[in-house]
Amino acid sequence: MLVVVGMVRVMAGDFPEPVDSERVGGVPLMGAEEAAAAWQVPAGCRVTVVASEPEVRNPIAMSWDGRGRLWVAENFTYAEPAVRFDERQRDRVVIFELGKDEGRAKGRKVFVDGLRRLTSVETGRGGVWLMCPPELLFVPDADGDDVPDGPPVTVLDGFTVAQGNYHNFANGLRWGPDGWLYGRCGHSCPGKPGVPGTPEGKRPGLEGGIWRYHPERKTVEVLAHGTTNPWGHDWDAHGEMFFINTVNGHLWHMIPGAHFLESFGTDPNPYVYERLDMHADHWHFDRGKGWQQSRDGKANELGGGHAHVGMMICQGSSWPEAMEGKLVTFNMHGRRVNVERLEREGSGYVGRHEPDVLLSGDPWFRGMDLSTGPDGAVYVIDWSDTGECHDHTGVHRNSGRIYRVGGERECGEVLNLPLGKADAEMVLRHANPWYERRWREQLRAGDVSEDWLRGKVSGSGPVVERLRALWALQALGKAGEDVLMPLLEAEDEHLRVWAVRLLSDGWPMDDIVGRREAGPGPGVALEEKLVRMAAGDASGLVRLALASVLQRLPAASRGKLAAALAGRAEDAGDHNLPAMVWYGLTPLVASDPETVADLAVGTRWERLTRWAARALMDRAENAPGALARLVSKVAAAGGGEERRRAVLEGLVEGSRGRRRVAKPEGWELLVRAAGAGEAEMVRRLESVFGEGVALEELRVLVKDGRAAMGARRQALASLNDARVGDLREICVSVLGVRELAGEAMRGLAASGDAAAGGEVLGKFRGFDAEGKAAALEMIGSRVEWSVALLEAVRAGKVPRGVVSSYHARQMAAHGDERLGKLLAEVWGEVRGRPEEKRKRLEALRGELTAERLAKGDAGRGKAVFRVHCGACHTLFGEGGKAGPELTGSGRRQLDYVLPNLVDPSGEVGADYRLVVVRMKDGRVLSGIPAARGEQTLTLRQITGDVTVERREIEKEEVAADSMMPEGLVEAMGVEGLVDLLRYVMGDGD
């Protein structure tokens, strides 16, 4: 058998023997049978071994075929960070034929090998589907003889594998009830999937979340955006999809069109101001104690930790009745299965914690996925390795297990396989959805009577049977309007939901930035029907489906449906609906801002009003009439304090960083209507609108020592944004006020006064730690001030240690020759040559033995961390937010920490790349983008966020480098490094 993948040609007989790179664990501590006996399982359940090494090794994913065989993806190319992917290895797909008893598999064969970066396998549609990022591959096998009919075909490409955090790549192939092939992808591997040859501009952006592909239409969609690294999903009995995630929440209800919360970074759509949080009401670790408490059993009473892999919803299994309908997922650090009880709440669902089950006693257990088989037992694949989930200690490639967890409950007749035409009735009502899913996937025209299916859909049988019949019609391409329109009136909410989804299934969907390709939409009658449903349907789940449909409508058709949804006062506090309606409205901010203004005034949803006001403020220069329309209507409405406050809050948020915005018509009316509690917001906005009286009031407030400090700080921020003529004098007058010093220095930096840097430098020793950091941020923004600082350091007037690595990088970004030489002399080299770094890394690895590290002092290391790392990174609950948190990283492994210190730019995730902004006034600002508005850019710096107007930017550059400069080891010295490592790799004690 010859396998061709890209330029790789490997004969099956030449498959390389997997090489272990694991340096710590040795070999599995338990044999497979001993490990199976060490499980704690639900009452009446029993664990047996289906396969173990060498029959199966490094199983990363599994699937089933219509003959009841288990297909397993074995991944050998994934490697430790220093290697990323071992090109000497190859990946493969192995088929296991299961026996009818609880014993081991009775047959095993290799279907395809010679693969690389294999993360998933799925069967169906005349072959086998493989996710091998950056490609989705299809291996044809039309006759099902387990011999490929030809080489793999690239169906989609563009699933990027990041140079930095390469662990979050595309995975998770599964057929959905709607006939699409679904997949997942992590946030740190942003991509642009598409059919090969698709122009860049026609590809949807993928920055984490859920995507799907339609094999017949050759269409790919990114259905939901965000999260960190989803690695498991399933559908419940009603076709609702749920998926699990790691780090920033573990459970989400998959809502098409949603923008879900991520662990870091900004949403590419500039009008997505808030993203949806997870749909569980709990965490599996104590967030107050940091991620380090997720390890070594410290979070077991909460569920085991923050990392989750693999997922299924218990349906028709042989497990105890109490597990039916529960969502289960592997908790990586807890070596157990977490259980979630899914309950309807508002427009969606909430997951509530149930007692954990399936606790493994094997220290090497690394569950990757679990799935119910045709016999009702649950099958588990185990990667079987030590170390963290990122394999920082290497990969033990010669281990792996498949377990069967069977129970005593009767779960329906075990049908003969493969299924035939006579099995349709049994399949639709079988308790185990395994049969319906495989039957639907192999269903072809003539296999079943379409009229019979239509009768099932329109009949009065159980809802699940009717849904399965509907999905079968969809698989045959026969679920048209004649079937679906009547279902919009169905008594059950799930039937109405699926009618909405399938009626809109062929309409183009907004991509991540709110761009919709031209294509079909609803006819007049259907559009009017959807609006009536939005206004009158009693089901929040139906209204959520309608909110998703907004992103499939032409822009001109969205206003009426959005207004009907936003008119439902009972949904104002809903977890999902206000955000979902707003996501669907974001394209209208540019194309139809007047409709956005009308919706903001007409709704009782305060969040929607606030977001709309913020967006219209951001677009004030382009659409002043829409802003005036909003202001005038709110002022005239009367009696709506909550609405007025929401508008003012949104306008304030949209004005941040703005020097001047033309005052909208109707503003005076709104001011007269404003209450006393809104005076501060009014003053802020009047300063942006150029009102002289307001500016004078702000001047007085800043200097009023009796006023609330928060009000004084906000007043100073408003004067800074307005760039009043006497800004320098105002800022200098309050430099000695600790709470105002940072904002004062921001104003001085923007004032353009050449002497301002000297003024701050002269007071430097009198500032507290926060003030010193703000002073360094300000001084580093201009060449002449940076030179003065470094000369003061050289002269001993300013301690060298206060200049952190972050500030050194900021000064280096100026590109000034004189400053660069002075920085190298006083602070050290910011850049180094690759070969020098490699040699330095190898030398340190040899020098930093376990005995040497044991002599480090964690107390001194904490002080080193504060100087060189704490400005940007959080560890043990302390530090800055500009860079990624380190508490939950692979910090306990020297091979993870040391390369990042010696060569911090070796692997940089897209979200952590430094943005250097050169301003027209000569300043250079650097930081991580926190928000991108129509008129403004917000950078996250170590002292907080700074917002600048785009029209003041001369040039914006995304550096390939990390925010961390090189030369850290030299700056702290080897002894300082030893102390730092003792602290960073410890428990924070």
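**Reading rings and a histidine**

This predicted model holds 25 aromatic pairs.

Me: How is the pair Trp129 and Phe138 arranged, and why is the pair called tilted?

Reply: Look at the angle between the ring planes. Planes under 30 degrees apart count as stacked, and over 60 as edge-to-face; the rest are tilted. Here the planes of Trp129 and Phe138 meet at 45 degrees, so this pair is tilted. Their ring centres are 4.6 Å apart.

Me: Are Trp129 and Phe138 buried or exposed?

Reply: Both Trp129 and Phe138 are buried.

Me: Which residues do ring pairs link into a cluster?

Reply: Follow the pairs from ring to ring. Trp39, Phe330, Phe365 and Tyr403 are joined this way.

Me: Which charged residues lie over the face of a ring?

Reply: Check the distance from the ring centre. Arg125 lies over the face of Trp175, at 4.3 Å from the ring centre. Lys772 lies over the face of Phe764, at 5.7 Å.

Me: Now a single residue. Where does His284 lie?

Reply: Find the strands on either side. His284 is in the loop between β19 (259-260) and β20 (308-313).

Me: Why does His284 count as buried?

Reply: Buried means under 20% relative accessible area. His284 has 1%, so this residue is buried.

Me: Which side chains make a polar contact with the side chain of His284?

Reply: Look for pairs of N or O atoms. The Asn338 side chain is one partner, at 3.1 Å. The Glu340 side chain is another, at 3.2 Å.

Me: What else does His284 touch?

Reply: Leave out residues up to four places away in sequence. Among those His284 then touches are His250, Leu302, His308, Asn331 and His353.

Notes:
Residues numbered from 1 in each chain as written. Predicted model: local features only at pLDDT ≥ 70, side-chain atom pairs only at ≥ 80, totals over all residues. Heavy atoms only, no water. Phe/Tyr/Trp six-rings, centres within 6.5 Å; stacked < 30°, edge-to-face > 60°. Buried < 20%, exposed > 50% of the residue type's maximum accessible area, 1.4 Å probe, protein only. Lys NZ or Arg CZ within 6 Å of the ring centre and 35° of its normal. Helix = DSSP H or I, 4+ residues; strand = E, 2+ residues; numbered from the N terminus. Polar contact = N/O pair within 3.5 Å; in protein donor to acceptor, adjacent residues only side chain to side chain. Contact = heavy atoms within 4.5 Å.
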